[in-house]
Amino acid sequence: MGEIPKSHPRYASLMMREKVSQAMKKGLVHETGLIAHGRGEAFDYLIGEKTIPYADDAEKIAAAVLLCAKNPVISVNGNVVAIVAKECIILSESIPAKLEVNLFHRTDERMKKLTDELKLQGAKKVYGDAADARIPGLKHDRGLCDKEGIFSSDVVLVPLEDGDRCQALRDMGKTVIAIDLNPLSRTARTASITIVDNVVRAVPNIERWVKKLKNEDRKVLEDMVKSWDNSKMLKDVSSFISKRLNSLP
Ligand code: ATP
């Protein structure tokens with residue numbers, strides 16, 4: 001997208017759009033992924049397109065949860081691969097956690113394209129292809145997952161999930177960390193930890209916290225996690241947004 005100068009005030013946002021659009025043309029992103037991205041953009045505008053302190057707190061707790069997990073998995077879809085693939089791979093290595101492709105609109109072709117893209121970008125192992133287990137309560141192919149991956153995980157990081165699947169993962173007893181710019185979505189309200197931030201800022205920031213907390217005493221991490229109140233944080237975010245809107249000139 002050479003015609004957009006770096007000085008354009010919406011440069012970062014326009015480049016992200018371009019990445020999602022290109023990824024759709026390559027068959028990595030489903031067409032509804034463009035709509036989901038647009039909804040995310042609208043909420044990003046409302047929070048000021050930067051990581052707000054409530055999101056940074058959630059990103060720190062997410063790092064602690066991931067470090068304490070026995071079998072953590074990062075679940076990725078087309079949009080995530082389009083805009084934040086490399087950072088997800090880096091995060092998966094530093095925890096360490098497994099990477100699994102998990103799609104709402106699943107086709108073998110798209111699964112293969114996304115797995116190949118992640119490998120091209122440096123992922124050593126990508127789960128999702130075996131599809132030898134099911135998330136109970138989810139009909140059709142969107143319930144498919146890997147026995148060694150999401151199915152047997154205790155903690156799942158789901159950047160951009162839908163509400164149903166988030167609920168189904170919670171019903172399996174898993175700790176679900178969701179990254180969702182919409183604090184009102186069912187996903188945001190169902191997750192154990194919700195990060196109201198753009199995935200492009202959230203994933204590297206979780207990784208920064210993972211590095212910082214890696215050598216921290218486990219008991220300290222567990223205490224941090226125990227004290228997390230997700231519904232309070234969501235209320236705080238809503239009030240942050242309304243105060244911000246009311247104070248705009
Ligand atoms: P739910 O089922 O949870 O109520 P939904 O139907 O809105 O949510 P989808 O449309 O499947 O969910 O997913 C899109 C969600 O992802 C939206 O809530 C949107 O705010 C969020 N989203 C889109 N792009 C980003 C992004 N780059 N970073 C973080 N969140 C994003």
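Colleague: How do you know how far to trust the local detail?

Modeller: This is a predicted model, and local features are given at pLDDT of at least 70. Side-chain atom pairs count only at pLDDT 80 or more.

Colleague: Start with the largest pocket. What is its volume, and which residues are closest to its centre?

Modeller: The volume is about 820 Å³. A total of 32 residues line the largest pocket, and A36, H37, N77, L160 and E161 are closest to its centre.

Colleague: What makes a residue part of that lining?

Modeller: A lining residue has an atom within 4 Å of a grid point. α2 (31–47), α4 (78–94), α6 (163–171) and α7 (186–190) each supply at least two such residues. α2 gives the most, with eight.

Colleague: How does the lining divide by class?

Modeller: The lining of the largest pocket has eight nonpolar, 15 polar and nine charged residues. Gly counts as polar in this scheme.

Colleague: Where does the ligand sit, and why do you say "sits in"?

Modeller: The ligand sits in the largest pocket.

Colleague: Which residues come nearest to the ligand?

Modeller: R39, G163, D180, R186 and T187 come nearest, out of 17 residues around the ligand. By class, this shell holds five nonpolar, seven polar and five charged residues. α2 and α7 each supply at least two of its residues. α2 gives the most to the shell, with four.

Colleague: How much of the ligand does the protein cover?

Modeller: On its own, the ligand has 630 Å² of accessible area, and the protein covers 85% of that.

Colleague: How many cavities of 30 Å³ or more are there, and why is such a space called a cavity rather than a pocket?

Modeller: The structure holds one. About 50 Å³ of space lies in the largest cavity.

Colleague: What lines the largest cavity?

Modeller: Its lining is S75, V76, N77, N102, V158, P159, L160, E161 and R165. β1 (72–76) and β5 (155–159) are the elements that give two or more of these residues. The classes are four nonpolar, three polar and two charged.

Colleague: Now the backbone. What makes the bond between I95 and P96 stand out?

Modeller: A cis peptide bond joins I95 and P96, with omega about -10°. P96 is in the loop between α4 and β2 (98–101).

Colleague: What about A131?

Modeller: A131 is not a glycine, yet its phi is positive, about 50°. A131 lies in the loop between α5 (108–120) and β3 (133–134).

Note on methods: Residues numbered from 1 in each chain as written. Heavy atoms only, no water. 1 Å grid on protein atoms, 1.4 Å probe; cavity = no way out; pocket = protein on both sides within 12 Å on 5 of 7 lines; lining within 4 Å. Points joined across faces, edges and corners; volume = space filled by probe spheres on them. Near = heavy atom within 4 Å. Areas by Shrake-Rupley, 256 points an atom, 1.4 Å probe, with all protein chains shown as cover. Sits in = over half its atoms within 2 Å of the grid points.
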